[in-house]
Amino acid sequence: MEPQYEILSNAFKTLIDPNARLRKLGDGYLWTEGTTWVPDSAEAGGGYLLWSDIPNDRMLRWSESDGTTIFREPCGYTNGHTLDRENRLVSAEHGGRRISRTELDGTVVNLVDNYEGKKLNSPNDLVVKSDGSIWFTDPPYGILSDRQGHKADSELGGNYVFRLWPDTGTIEIMIDDFDMPNGIAFSPDESILYVADTGYELDSPGASIHAFDASSSGTLSNHRIYAKPTPGKSDGFRVDTNGNVWTSAGDSVQVFNPAGGLLGKILTPDRNANLDFGGPNGTTLFIGVNAEAYSIEVNAQRATRP
Ligand code: MG
């Protein structure tokens, strides 16, 4: 039988159940991203999983009771998703070149689609900070061709990390020196911001997860390389309650401790892009693996915001 894990530390043994196995939730997609667990009341089944099938311009939904169904189609070529403080879905859309929010009644509203009058490139991934600000990455993957959006020229001429204040619409450039900013997350106390760069050559140090010290007001300093998954690159990642970073990579989900040490890998059948913790106990790891969606039970949970 194929090995399921690469256990590289004793710490990793406490984070996984070595007897747990990948469970396939669905297949037949073109490229899955935006894997996000949406909690709900126990009466409503505890919640459901959402993800994007970007080239098919649709979002899928999975729950234990309903299995896999179509959540929204077309969906504006959504990529990453996250939840805000009110548990509303906030999405990065390639097609609309915008950040949208799904209200609790299901209405989709535009939060921002430009910076100083210039269209965003194609927002890729995002995180909501405890102060309500939305931090998102804006590489051009959705405008390079018609496969994951609509081919177009960049109006910004750069690939930035933005901070959006959704109540006022104020948008600011927070990082301007990345090649292809992609996955983004904060440490549990929000003192560190992690941003993946999927640009550069595969072996370049820049093609890594970068880290910044983040002040409570959001000022960034002390830019450094945090971790470099291999093979492949980090696309999306989540942080657990202990500050470990669980990231996608070419062959596995790779888990790094807060110091950037690789603890171990959960091997996947193909390259994977985005993941999230969820399920009835919060200890199910959901993984978007190229054309398929999987889950596996772990001994870790998504960090809660302070
Ligand atoms: Mg991404």
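Modeller: About 420 Å³ of space lies in the second largest pocket. A pocket here is an open set of points on a 1 Å grid over the protein atoms alone, where a 1.4 Å probe fits, with protein on both sides within 12 Å along at least five of seven lines; lining residues have an atom within 4 Å of a point. The model is predicted: local features need pLDDT of at least 70 and side-chain atom pairs count only at pLDDT 80 or more, while totals for chains, interfaces and linings use all residues. Residues are numbered from 1 along each chain as its sequence is written, and side-chain values use heavy atoms, with hydrogens and water left out.

Biologist: Which residues lie nearest the centre of the second largest pocket?

Modeller: The lining of this pocket divides into 3 nonpolar, 10 polar and 5 charged residues. It comprises 18 residues. Those nearest the centre are W31, E33, N182, D235 and R271.

Biologist: Which residues coordinate the magnesium ion?

Modeller: Donors are N, O and S atoms within 2.8 Å of the metal (3.2 Å for Na, K and Ca). Along the chain they follow the spacing N-x57-N-x52-D, and their distances are 2.1 to 2.2 Å. The coordinating residues are N124 (OD1), N182 (OD1) and D235 (OD).

Biologist: Are N124 and N182 buried or exposed?

Modeller: N124 is in the loop between strand 12 (118–119) and strand 13, and N182 is in strand 17, 58 residues apart; strands are DSSP runs (E, at least two residues). Buried means under 20% relative accessible area and exposed over 50%, with a 1.4 Å probe and protein chains only. By this criterion, both N124 and N182 are buried.

Biologist: Which side chain forms a polar contact with that of N79?

Modeller: N79 is in strand 7 (residues 78–83) and counts as buried because its relative accessibility is 1%. Leaving aside neighbours within four places in sequence, its contacts (heavy atoms within 4.5 Å) include E33, N124 and H94. A polar contact is a pair of N or O atoms within 3.5 Å, one able to donate a hydrogen and the other to accept it within protein. At 3.2 Å, the partner of N79 is H94.

Biologist: What is the omega of the peptide bond from E73 to P74?

Modeller: Most peptide bonds are trans. P74 is found in the loop between strand 6 (67–72) and strand 7. The bond from E73 to P74 is cis, with omega near -5°.

Definitions and conventions: Helices (H or I, at least four residues) and strands (E, at least two) are DSSP runs, numbered from the N terminus. Grid points are joined across faces, edges and corners, and a volume is the space filled by probe spheres set on the points. Ala, Val, Leu, Ile, Met, Phe, Trp, Tyr, Cys and Pro count as nonpolar, Asp, Glu, Lys and Arg as charged, and the others, Gly among them, as polar.
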